[in-house]
Every structure is written in C-alpha cells, then in structure tokens.
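Work through the exercises below with the model open beside you, and try each task before reading its solution.

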Amino acid sequence: MSESSLDQLYKPHLQTLMRRTERSLAASGFDALVIHAGSPPTQFLDDQDYPFKVNPHFKAWVPIVDNPRCILVVVPGARLKVLFYQPADFWHKPARMPQAPWAAEVDLIAMDEPSKASGHWINLGHVAYIGPAAFAAETDPASINPPDLLARLHYDRAVKTGYELECMRRASELGARGHRAALAEFRRGGSEYDAHMRYLEACAQREEEMPYNNIVAYNENAAVLHYQHLERARPKSLRSFLIDAGAQYRGYASDITRTYSAAASRFADLVEALDTAQQALCDEIVAGRDYREVHLSAHRALGDVMQRMGLTKLPGQAALELGITSVFFPHGIGHLLGLQVHDVGGVMGDDQGHERQRPDGHPYLRLTRVLEPGVVVTVEPGIYFIDSLLAAAHADARRAHIDWAVVDELRPFGGIRIEDNVATTAAQPENMTRDAFARVA
C-alpha cells in the first residue's frame, strides 16, 4: 500500500475516533476534550531534557510524535483543532507545520506560547483534560485525566481502525528488516552492541524512536526477561542469540522476538519445537476466544514440548497443574499492542473499567479480554533457564518432575522467546510478523 493509500485511511480513522470520543464524553459528563502532547522532563541538575515520548492519546489522533507541547481540542461535531507548537527559538529548530495529506483533515494552528492556549477551549463548557497534570494548572482537578473517561477511551482503543492496522503492518516490516540485519551481525561474530547498531541502521531509526529498549542477548543473558545491557565485547563462545526489538510507524509499534542457536544442538531442536508450538498458538487468535485460554493453552503446549525434549517428565496439562511450566515460562503469553507496546485496557472487562481476573497462579498475564476483530496482540511463548526459579523448583516437590542434567546442558544458552504480532479477524488470524518477514526476505 502506498503512502497516498494510507492517507486515504486516515479520514475514516479520524471519524471513528470522533464517534468513540463523543460517546465517551457524553457518558462521562463532559462537553469537550483537550489532549496535551506532553513535554520531556529536564534531567536532574542539568539543562538537558530526557528524550521526548508523546502522550499516546495525542498520537492516536495525529501522527505528530516529535514535537512537544502541542495540544488537541476535540469538540463533538467540529473539526479536530491542532495547536502546533512553533516557538521563536534560536537554540533549537522549531518544527515545521505538517504538509502531508492527512493534515488537510484537521485545523492546524501555529502556537508560539502555550500559556495562551486556553482561549481555544475556555468557552466550551465542561472540558476534560488528558495529559501531564503540570500543564493543566488552571483546570479543575476533577477534570484532569478523569478515570471514567479514560476507562472508556482505553477500552475502545483495543479495536484498531484500518489506518492503525496498516501503520502496524509497516512497523512490523521495519522490525523485520532490523531483525534480519541483527541476525547477520550475530552470524558474523559481532557483539551484542554490534547487532543492536545494525538493527537501528536497518530500521533507519534512532534509539529514542524505538518503541522500547531493544533486548539483544547472547548466551546466558537470554535468561533475563528484560535484559538491559549491550556487551561491547564478543563472548569467547557464541551459543545463542535472543533479540526482542520492534519499530514504530506513525506512532504505532511492532514488538518482535526471535531466538537462534549458533550450532546444531538440543537447544537448536528446542528452538525449532517452540517455533512450531508458537505458530499453532497464533492460530488461536480468533474473534470470541478468551485470551486467558490462549495463555493456558500455551502452558500445555510448552509442557508437551519440554517433555518431548527430555527437560521435564510430565505431559503439558499435568505440568501446568503442578506449576512445572511456570518454572520455565514465568510471564504471560502476550499483551495488547498499538500506540504503546504494552497497550492499555488489557484486563478490562467493560468500558467502566471493571477487571477480568487473571487465572490463579498467573499474576503476570497482561491481557484477559475476549478477542474481537481488529484487536492486535502479541503471542510470545518462552522457555528460560532462570537461576532463581530453578533453585526454587529444586527445593520443593517440583524437583522430581524435572531432568536436572538436561537443565544443566541447556542453562548456558539462557532461554528462548518467539514473538509475533497477530491481528484478530472473524476468520483466519493475520500474522503481521510472519507476513513482514516474508515481504522483506
């Protein structure tokens, strides 16, 4: 799809957001909505700002992700008003007024002084404000980030418009390009840092433009779920490579994980078996499916895989019931994805904010909703060799159901995670990640 075709999807996207917001404002007792893009905080005892991360409520309406202090004014029945920050600044280059085709669908107004912005909504009645409270000093505190309104907006956000789905496909393609480049660097013998840099180059994005910090983990480092370092030196022995990294397109994220073995081994066979199981789990992302059942299905599938590989001694269901699978797979099977990597509303049962409970014994599951067409989720099963979890299992009755010689064989590889981004449909799920890898191959 071309850029012009994507821009044609923006107007219906805007109309959908307006309908949802009008309904939510009326239900919450508000007449209009102001959304602040946010502003980067200044570092302690310094005059430099932290990297800017735009308010996700703001970038849902307009693809402006790199200009702080902009403001949206949403009035039912009126065109969206965008107060575009353009200060008189000789230290930094002010942002240029957007000229892309999407800009014709909104009213763009240059603003050099945010303190004067309230004149655009002072006479609109009961106005809600969403954004950093520091920029709403003159607003009634009860109208700042009102929980009832946020709950309604967050619940609706799970279902993506056609425009959002296409943006996420493009973010997936950028991520696939980065993953291929990072894998090539691993195969060349580069360090974690080298693989990370090749990833950024392939995506043509800076670190601060990434939707989250890349996880680039060799060997035992892959046992750390959110490994945060980048070793500059290549390890003496390259055994395994886990990379969890995404990209952004017009503010929408991809979130992709792959794991590779450096050579033929039991670990390589385990990666292949997990990949097969993961693809079967992706096929469960269909409308009407309770995502909690997908999570439990993943535990059963991984339990079966680990038994076949000689790692554990029980079939999947029994391993789930006795807590064996959680030793090796301690996190949830996935989460909502969109404007944020761990997008909001994952455990909401309705638009009033009531929660759908997580299954007993699975506190880290981030998504408990029933899937609907247009909902995009991650599917990310993993098998890890985490010292603290293994030690706990070795100290209790679970010890008898685990082959510790195989654990010791696999521990130096760290762990495995395979993650795709999958869009729910009424029929066959759309695997954005696998499709993206096929396009860039």
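The exercises that follow treat aromatic pairs, a sheet and the nonpolar cores.

The model is predicted, with local features needing pLDDT of at least 70 and side-chain atom pairs counting only at pLDDT 80 or more, while totals for chains, interfaces and linings use all residues. Residues are numbered from 1 along each chain as its sequence is written, and side-chain values use heavy atoms, with hydrogens and water left out.

**Exercise 1.** Classify the ring pair of Phe 186 and Phe 241, and find which parts the pair ties together.

Solution. Begin with the criterion: rings of Phe, Tyr and Trp (its six-membered ring) pair if their centres lie within 6.5 Å, and planes under 30 degrees apart count as stacked, over 60 as edge-to-face and the rest as tilted. A search of the whole structure on this basis gives 10 aromatic pairs. For Phe 186 and Phe 241 the centres are 4.9 Å apart and the planes stand at 25°, so this pair is stacked. Next, place the residues, taking helices (H or I, at least four residues) and strands (E, at least two) as DSSP runs numbered from the N terminus. Because Phe 186 belongs to helix 4 (residues 162-188) and Phe 241 to strand 7 (residues 240-245), the pair ties together parts that are 55 residues apart in sequence. Finally, both Phe 186 and Phe 241 are buried, meaning under 20% relative accessible area, where exposed is over 50% and partly exposed in between (1.4 Å probe, protein chains only).

**Exercise 2.** Describe the geometry of the pair formed by Tyr 218 and Phe 241.

Solution. The distance is 5.4 Å centre to centre and the angle between the planes is 90°, which is edge-to-face. Tyr 218 lies in strand 6 (residues 215-218) and Phe 241 in strand 7, so this pair ties together parts that are 23 residues apart in sequence.

**Exercise 3.** Determine the order of the open sheet of 3 strands, and its edges.

Solution. Strands pair if DSSP finds at least two bridges between them. The order is 6-7-10, with antiparallel pairing. Strand 6 and strand 10 (256-261) each have a single partner strand and stand at the edges, so one side of each is left without a neighbour in the sheet. Strand 7 is joined to strand 10 by 6 bridges, and Ala 245 has Ile 256 in strand 10 as its bridge partner.

**Exercise 4.** Which residues have the most contacts inside the largest nonpolar core?

Solution. Such a core is a set of buried Ala, Val, Leu, Ile, Met, Phe, Trp, Tyr and Cys residues joined through side-chain atoms within 4.5 Å. The largest has 77 residues, and Phe 58, Trp 61, Val 62, Leu 80 and Phe 241 have the most contacts inside it. Helix 4 gives the most to this core, with 9 residues.
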